[in-house]
Amino acid sequence: GKRDGRGSFRFFERAMDDALRARALMECDLREAILGGQIEPFYQPVVSLHDRELIGFEVLARWRHPERGVLPPSEFIPIAEETGMIGDLSYGLLRRACRDAASWPPHLQLAINIAPQQFQDRWLAEQILAVLDETGFPAGRLEVEITESALIHDLEATRATLTSLQNLGVRIALDDFGTGYSSLYHLRELKFDKLKIDRSYVNSITMSDERAKLVDAIIKLGSSLGLVTTAEGIECSGSLGWLEDQGCDFGQGYLFGKPMSKSEADQYVEGGTTE
Ligand code: C2E
Ligand code: CA
Ligand code: CA
Ligand code: CA
């Protein structure tokens with residue numbers, strides 16, 4: 001009856017209140033985490049599929065939360081993007097990664113993820129340059145990963161940022177290739193250096209002939225446009241062998257190593273293995 005209705009509405013209101021409060025708290029925590037250095041770079045190995053040598057790492061953000069342990073990016077990157085904190089987060093992360101990488105052999109590269117909206121920021125290239133200057137990390141060892149969703153926002157602003165970065169000597173990789181839309185249009189309109197084939201394709205190549213044909217086509221498309229290709233999410237040696245045979249240039253995935261802390265990455269660099 002009436003009573004129940006009002007009761008459940010109150011319940012709903014309270015649930016909303018709780019959700020809003022939790023969200024506000026989370027934003028506040030995240031802001032402090034960024035300022036307090038709790039956002040930490042983890043490193044996932046990237047390997048050459050021509051000789052299986054380590055060529056560098058992708059930087060993946062982790063939140064070392066004082067109570068909740070190490071949190072994955074899905075728990076905080078969306079909030080950082082929505083609240084505009086992503087710029088500060090990235091800046092801190094890149095700075096720390098460039099410092100960490102100073103102790104690694106000079107041929108090892110770093111790849112960093114930059115959120116779609118950051119490409120609309122006309123100061124992005126300047127900020128990255130400032131970090132490179134401060135840390136002494138060479139631009140030629142840095143790669144920026146961009147997803148296709150950045151390109152549908154404002155193609156002209158994105159193009160300008162990409163060009164500034166490339167003029168500094170930073171390379172640009174198109175991330176998660178095959179998951180967005182109008183990929184071919186963007187390949188025509190923008191100059192990338194690398195295609196990263198999404199792991200949803202890579203996982204299933206040994207099981208699905210269709211997937212295998214698509215991955216093969218992507219590798220050929222890349223090389224005919226003068227781009228190198230990285231296969232993401234390689235988990236088994238069957239896929240690895242197949243990708244090597246097709247001429248894919250680089251590989252990344254649990255088979256080579258999961259994202260790891262700086263000290264684990266140090267060991268990986270020395271020994272070439274983990275665990
Ligand atoms: P991404 O850029 O596509 O990164 C690859 C993701 O796949 C990582 O998840 C990595 O741990 C996972 N992965 C790698 N190899 C394998 C594998 O063999 N199997 C499986 N199942 N997964 C694998 P992670 O670290 O949770 O990051 C998720 C996403 O969060 C990233 O996807 C990226 O879009 C975003 N992200 C991470 N760090 C940053 C950052 O600093 N800035 C921004 N804007 N986004 C970030
Ligand atoms: Ca990436
Ligand atoms: Ca990816
Ligand atoms: Ca992804």
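Contact here means heavy atoms within 4.5 Å.

## Ground rules

This is a predicted model, where local features need pLDDT of at least 70, side-chain atom pairs count only at pLDDT 80 or more, and totals for chains, interfaces and linings use all residues. Residues are numbered from 1 along each chain as its sequence is written, chains are lettered from A and ligands numbered from 1 in the order in which they are written, and side-chain values use heavy atoms, with hydrogens and water left out.

Let's start with Gln 44, which sits in strand S1; strands (E, at least two residues) are DSSP runs numbered from the N terminus, as are helices (H or I, at least four). Gln 44 is buried, at 9% relative accessible area. On this scale buried means under 20%, exposed over 50% and partly exposed in between, using a 1.4 Å probe and protein chains only.

Setting aside neighbours within four places in sequence, Gln 44 is in contact with residues including Gly 56, Phe 57, Glu 58 and Leu 60, plus Gln 252, Tyr 254 and Pro 259. Gly 257 is also among the contacts, and the Gln 44 side chain reaches its backbone oxygen at 3.0 Å.

## The calcium ion (ligand 2)

Glu 58 turns up again as a metal donor. The calcium ion (ligand 2) has Glu 58 (OE), Asn 113 (OD1), Glu 145 (OE) and Asp 175 (OD) as protein donors, lying 2.1 to 2.4 Å from it. Donors are N, O and S atoms within 2.8 Å of the metal (3.2 Å for Na, K and Ca), and water is not among the atoms, so sites may look incomplete. Along the sequence, the donor residues of ligand 2 follow the spacing E-x54-N-x31-E-x29-D. Glu 58 lies in strand S2 and Asn 113 in strand S4 (residues 109–113), so this pair ties together parts that are 55 residues apart in sequence.

## Bridging aspartates

Asp 175 coordinates both the calcium ion (ligand 2) and the calcium ion (ligand 3), which are 3.9 Å apart. Asp 176 bridges ligand 3 and the calcium ion (ligand 4), with 3.7 Å between those ions. Asp 176 lies in strand S6 (residues 171–177) and is partly exposed, at 24%.

Most residues other than glycine have a negative phi. Asp 176, though not a glycine, has a positive phi of about 55°. Arg 52, also not a glycine, has a positive phi of about 60°. Arg 52 belongs to the loop between strand S1 (39–48) and strand S2 (54–65), and is partly exposed at 47% relative accessibility.

Methods:
Polar contact = N/O pair within 3.5 Å; in protein donor to acceptor, adjacent residues only side chain to side chain.
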